[in-house]
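Hello,

Here is the structure I promised to pass on. Have a look at it first, and then read my notes below.

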Amino acid sequence: MNISRRASLGGAATLLAAPGLASAQAAARTLRFIPQSNLASIDPVWSTAVVVRNHGLMVYDLLYGLGADYQVRPQMAEGHEVSTDGLTWDIRLREGLKFHDNEPVRARDCVASILRWSKRDVLGSRLDALGEEVSAPDDRTIRIRLKKPWPGLAWALGKPSANICAIMPERVARTDPFTQITDPTGSGPFRFRRDLFRPGDVAIYERFEAYVPRSEPTDFLSGAKQAHFDRVEWRIMPDPATAGAALQNNEADWWETPLPDLLPLLRRNRDIEIGVVNTAGNLGVLRFNFLHPPFNDVAVRRALLPAVNQRDFMDAAIGTDTALSVVPAGVFTPGTPLANDAGLEILSGPRNLEAARAALRASSYAGQRVVMMSATDLPVLQNLAEVAADLLRRVGFNVDFPAMDWGTQIQRRTSRAPVEQGGWSAFCTTWEGLDVSVPGSHQPLRGNGAQAWSGWPTMPRLETLREQWFDAPDQAAARGIAEEIQRVAWDEVPFIPLGLVRPPQAWRRSITGVVRGGSSLFWGVRRA
Amino acid sequence: MWAYIIRRVLATIPVMAIVALFVFSLLYLAPGDPAAVIAGDQATPADVERIRASLGLDRPYLVRFGAWAWDIARGDLGTSIFTNLPVSTMIQQRIEPTLSLMVVTLILAVSIAVPMGVIAAWKQGTTIDRLVMAFAVLGFSVPVFVVGYVLAYVFALELDWLPVQGYTPFSNGFFPWIENLILPAIALGGVYIALIARITRATMLEVLSQDYIRTARAKGAGQRSILFIHALKNAAVPIVTVIGIGVALLIGGAVVTESVFAIPGLGRLTVDAILRRDYPVIQGVILLFSFVYVLVNLLIDLSYTFFDPRIRY
């Protein structure tokens, strides 16, 4: 490891002063982390932002935790019993669980938390619909009575993607689900210091001494959540070049989202390691507006398929290092249990621009203006949109490609008006790999019309298959349904998968034990 | 004089009211919706509507403006939509870094630019003059962020003399404080130095051609005395005016500089708030900037009486 001049001077000064030594030791027990964006909110149920979810996973514990094999295991729960008819779940809490205010975690806290989450989350809303009763017969038992069996309930309660079912004290969880909380008391391995929180600058977490980790080894979000750092500081640095320089200059330990352009520079530094932490990655998605021409015609959507080259999209999004992306990608996250090859040759076979043009000519498309939205302030999305706009033009669409920021785009996406009245035709985005690994939380596959994700397709076949997946008795059955969903997706084209981005992270080699699988986690990691 | 000051201070009230109305209307008309940003990618239109209603964003324009203006009149800048923190608290958290950056930049710029301009005027047409003017052109031409990156690369990454980023409060000691401000102040000061140096040179050239300067020379006054006592004081009014106008440049430049050097100041707070459509924060910060600008102009006007005794209010 190189020792810098400033560090040497700092070290000499440290030797001269005992308080300085204490300060250096404290610094060694502090992890300096540069998150992907500013932590603006502290409520992982109210906000769907990934950075808020990451905050939530530090501060709050979950009843169940996902392992690296994508299977859920009890986390706060000791275990559960399901009645023979599958309608009643009794989830038993582990002993010794405490909130950060040292109050014990009781079943009624969990009940209030589950109910609040059920009003906001996509899988929570299923519980809201299927739940007959969520109650706490005693301090350690949560009873969930359902109208129909739901084998995937534990998965829903433990899913790590937004919105997570964060367990909060009852007094906090009673907050209206559409109003954000102000009290950050959780029961996770880290305590959030709201008094030191400066949004846009720094968020500080301290190890929660009373946290009782599980005895099993750390396995992504399951097993022991052993915090080795006394303090974790999230330092917000909006400028990637500055963040990169801070990492190189030992002013930060870990950078969550290094820009692909800066990776060669970082790789040249012997003190820095680059790795993929979020192995589930993010699935690139080209989404259409199904309410208006031209993409309300399935023939127009299908026309694009022979021309889509996922490698082009991935190269633009994350660079030409093939270790950082996965193609071909179907509608489910590659590498996860339901990913399959059914009909995938439609995207993995030889590309044929002429076939796409001919298909478009044969469709109802009559040269209407196609508004392709992009968010110029989000480089990956902007790059995907650039490639998509070029593809649309080459196939023969009349493309309008207005520049806008994310705030404008996400508002415009809510518009159901035609393009002449401020509407839109298509956009690109990415979905967290864990979200789109199963049909239950796979929003781009929903076909429930006005209630669906932006674009609002009505595709009853997909909805029926989703319901069947919820009822699937075993993994083999679930896989069969997933294959059928993928076939239907090629037929109806609710979206076009653009490949899986596996964003790299960069950390100093003095940091070891980074837990891989999904989001950035702060247990297991320690200073060498 | 006091009557003038009171009149000017009172005049800020309608100015601020117009700024408030303008900012509010602009944000109302601008595209983007904080409720959609909060709701995120997965939200249904019903979710967005519920959030919009919970934030009061579904109320009519006049009702919203009236409620906001009433709060402002009572000294309440509102609460951030996203962080749930009072806007005044967020400004309080961020004001010290911006103020520090502006003060250090101002001191650096004035102490470099004024002598540069004076010397360039004195040595008009010489290599020194041309060098000063070349620097001025460079200062105007090179964007702040480029200067910032170059400085960070050379002095932080290569030479390891100064930190790349961040801010240490003054309460932690002078040296840690100034260590974090040297590079940003130089980066931000470039344009400012160029502006003041050019104005100083031009004004000094005009003053140096006046009869009383010739008289001072004829009476045997030394060059230093002519330049810095007789000429500079008479050239001060336009220079001070430019320094005042430059505060606006500093506010604009601070937005970029704070991002490049990760300084948690008001500039970054503004940008973050704009990107998220955090209306109360945007409105609060712009009102503050407007007030500062009005105040600085008042101070500049008052300073004229010091440099030119003929000016009376």
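This is a predicted model: local features need pLDDT of at least 70, side-chain atom pairs count only at pLDDT 80 or more; totals for chains, interfaces and linings use all residues.

Two residues are in contact here if their C-beta atoms, placed from the backbone, lie within 7 Å.

Residues are numbered from 1 along each chain as its sequence is written, and chains are lettered from A and ligands numbered from 1 in the order in which they are written.

A:Met372 is also among the residues with the most contacts inside the largest nonpolar core, which has 225 residues. Such a core is a set of buried Ala, Val, Leu, Ile, Met, Phe, Trp, Tyr and Cys residues joined through C-beta atoms within 7 Å; buried means that 20 or more other C-beta atoms lie within 10 Å of a residue's own.

In chain A, 52% of the 528 residues are buried. Its C-alpha atoms fill a box of roughly 80 × 65 × 40 Å along the principal axes.

The domain assignment, automatic or from a database, gives chain A domain 1 (32–254 + 508–527) and domain 2 (282–501). Their C-alpha centres lie 30 Å apart, and each domain of chain A gives ten residues to the contact.

Best wishes

Conventions:
A residue is buried if 20 or more other C-beta atoms lie within 10 Å of its own, exposed if 12 or fewer, and partly exposed in between; C-beta atoms are placed from the backbone.
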